[in-house]
Amino acid sequence: MTTDSSIPDSAPASDLFPEYDGLFGLISGEVAGLSDAQLDFESERWEWSEWSIRRQVSHMASLIYRWLLVRWADDLFPDGGHGIDDVQGLAQSEYDRRMDETRYFETAVVMGKLREAIELAREVLASRTVGWLRCRSIRTALSGQWDLMRKAHPVGVTLVDSANKEIDITLEATFRHMYFEEITHLYNVQRLKRAQGLATVARLPRTGYWVLDGWDRSEP
């Protein structure tokens with residue numbers, strides 16, 4: 001991931017985010033071979049353990065669909081031509097920021113949707129330029145979490161209305177945010193494994209939200 005200004009606006013946006021190429025493999029390697037009991041372990045002891053591994057991964061898939069197919073839909077897919085079925089169940093279900101668990105629950109199904117979501121992100125990056133990502137923005141509420149998370153973004157997240165607590169987020173920053181979310185929830189997956197006495201697999205990049213001062217890094 002780079003914010004290198006030497007990358008020209010005409011370059012493919014994928015030049016900014018090569019990490020997406022190996023993202024699914026990083027996540028799937030951590031989840032592979034886990035039993036249903038291990039995937040569904042939850043605890044009220046820590047805030048990060050209130051969602052099981054299965055639910056963490058469901059959120060990891062859903063958040064990409066939600067950003068690209070809902071929040072950025074008018075810019076990215078004005079004709080609806082993204083080829084993804086059941087946007088409601090994937091991105092806007094009644095489950096808290098997760099996919100519809102009545103449809104997307106089995107491990108292979110959840111992982112398949114995560115792969116599809118990451119591939120969608122890679123396709124968007126390959127088909128747009130750096131300049132295209134940087135010149136488009138959307139406005140959203142500055143929640144308490146965003147007040148912390150925006151510190152991880154060198155560019156692209158701008159406080160525009162302190163009174164009404166609103167920020168502008170460029171499409172470039174959106175892709176950075178999605179990647180940071182994936183890595184941070186993968187960190188949660190690893191903590192859930194450690195809480196069960198299981199060995200972790202991936203070496204996490206020390207980037208994004210989970211390394212911020214003030215982030216909850218409590219351990220089992």
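1. Asp161 stands opposite Glu166, a residue of strand β3. Strand β3 covers residues 166-170 and runs antiparallel to β2, to which 4 bridges join it. Another pair across these strands is Leu159, which stands opposite Ile167 in β3. Two strands are taken as paired if DSSP finds at least two bridges between them. Strands (E, at least two residues) and helices (H or I, at least four) are DSSP runs, numbered from the N terminus.

2. The model is predicted: local features need pLDDT of at least 70, side-chain atom pairs count only at pLDDT 80 or more, and totals for chains, interfaces and linings use all residues. Residues are numbered from 1 along each chain as its sequence is written, and side-chain values use heavy atoms, with hydrogens and water left out.

3. β2 and β3 form a hairpin with 4 residues between them. Lys165, in the turn, has a positive phi of about 55 degrees.

4. β3 also pairs with β1, in the antiparallel sense, over 5 bridges. Here Glu166 of β3 is the bridge partner of Ala141. Strands of a sheet pair through backbone hydrogen bonds, either parallel or antiparallel.

5. How many residues of β3 are buried? The count is 4 of 5, so β3 is mostly covered, where buried means under 20% relative accessible area, exposed means over 50%, and partly exposed lies in between (1.4 Å probe, protein chains only).

6. Ser137 is found in strand β1. Ser137 counts as partly exposed because its relative accessibility is 41%. Apart from neighbours within four places in sequence, Ser137 is in contact (heavy atoms within 4.5 Å) with Trp72, Asp168, Ile169 and Thr170.

7. Ser52 is found in the loop between α2 (36-39) and α3. Is Ser52 buried or exposed? Ser52 is buried, because its relative accessible area is 2%. Leaving aside neighbours within four places in sequence, Ser52 is in contact with Leu39, Asp40, Phe41, Glu42 and Leu192.

8. Helix α3 (residues 53-71) and helix α6 (residues 107-127) have axes that come within 9 Å and cross at roughly 30 degrees. The crossing is left-handed, meaning that the near helix is turned anticlockwise from the far one by less than a right angle; clockwise would be right-handed. Residues making the contact include Val57, Met60, Ala61 and Ile64 of α3, and Val110, Met111, Leu114 and Ala117 of α6. By class, this contact has 14 nonpolar, 2 polar and 3 charged residues. Ala, Val, Leu, Ile, Met, Phe, Trp, Tyr, Cys and Pro count as nonpolar, Asp, Glu, Lys and Arg as charged, and the others, Gly among them, as polar.

9. A search of the whole structure finds 9 aromatic pairs. Rings of Phe, Tyr and Trp (its six-membered ring) pair if their centres lie within 6.5 Å; planes under 30 degrees apart count as stacked, over 60 as edge-to-face and the rest as tilted. Tyr20 and Tyr179 form a tilted pair, 6.1 Å centre to centre with 50 degrees between the planes. This pair links distant parts of the chain, 159 residues apart: Tyr20 is in the segment before α1 (23-31) and Tyr179 is in helix α9. Both Tyr20 and Tyr179 are buried.

10. Tyr209 and Trp215 form a stacked pair, 6.1 Å centre to centre with 20 degrees between the planes. Tyr209 counts as buried because its relative accessibility is 0%, and Trp215 counts as buried at 16%. Ring pairs link Phe17, Tyr20, Phe175, Tyr179, Phe180, Tyr209 and Trp215 into a cluster.

Terms used
Axes fitted to C-alpha atoms, helices over the stretch in contact; angles between N-to-C directions.
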